[in-house]
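Here is my note on the structure that you sent me, written as numbered points. Please read each point with the sequence and the model side by side.

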Amino acid sequence: MQSGIFPENTASFDLHAKAGFRAIGTHERIGRHRGRWRDVIHIERRSPTVN
């Protein structure tokens with residue numbers, strides 16, 4: 001599972017981390033918010049089950 005979070009949204013990042021997500025990188029100037037290009041932290045959570 002993957003998601004993206006604005007860097008200053010620490011509450012969301014902490015919540016995702018508690019659910020097992022980890023940061024895998026930062027996409028620079030990829031998200032547009034209120035007319036401004038923003039960086040987005042890319043996070044993921046992998047399934048513990050491997051087929």
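Which residue in S3 does arginine 22 stand opposite? Arginine 22 has glutamate 44 as its opposite number in S3, and the points below set out the strands around this pair.

1. On the source of the model. This is a predicted model, in which local features need pLDDT of at least 70 and side-chain atom pairs count only at pLDDT 80 or more, while totals for chains, interfaces and linings use all residues. Residues are numbered from 1 along each chain as its sequence is written, and side-chain values use heavy atoms, with hydrogens and water left out.

2. On confidence. The mean pLDDT (the predictor's confidence in each residue, from 0 to 100) of the protein chain is 92, and 98% of its residues reach 70 or more. Among the elements (DSSP runs numbered from the N terminus, where helices are H or I with at least four residues and strands are E with at least two), the highest mean pLDDT, 96, belongs to helix H1, residues 10-18, and the lowest, 92, to strand S2, residues 22-33.

3. On the sheet. Three strands make up an open sheet in the order S1-S3-S2, with antiparallel pairing, where two strands pair if DSSP finds at least two bridges between them. S1 and S2 are the edge strands, since each of them pairs on one side only. Neighbouring strands are turned by 30 degrees against each other on average, direction ignored; the axes are lines fitted to C-alpha atoms, for helices over the stretch in contact, and angles run from 0 to 180 degrees between N-to-C directions.

4. On the partners across the strands. Strand S1 (residues 2-5) and strand S3 (residues 36-44) are joined by four bridges, and within S3 histidine 42 faces glycine 4, while isoleucine 41 faces isoleucine 5. S2 and S3 are joined by eight bridges, and alanine 23 has isoleucine 43 in S3 as its bridge partner.

5. On the helix. H1 lies across S1, S2 and S3, and runs at about 155 degrees to S1; contact here means heavy atoms within 4.5 Å.

6. Most residues other than glycine have a negative phi, and most peptide bonds are trans. Arginine 29, which is placed in strand S2, has a positive phi near 50 degrees, and its relative accessibility of 58% counts as exposed (buried means under 20% relative accessible area, exposed over 50%, and partly exposed in between, with a 1.4 Å probe and protein chains only). S2 and S3 form a hairpin with two residues between them, and in the turn arginine 34 has a positive phi of about 55 degrees; arginine 34 is also exposed, with a relative accessible area of 80%.

7. On a charge over a ring. The charged end of arginine 38 sits over the ring of phenylalanine 6, 4.2 Å from its centre, where the criterion is that NZ of Lys or CZ of Arg is within 6 Å of the ring centre and within 35 degrees of the ring normal.
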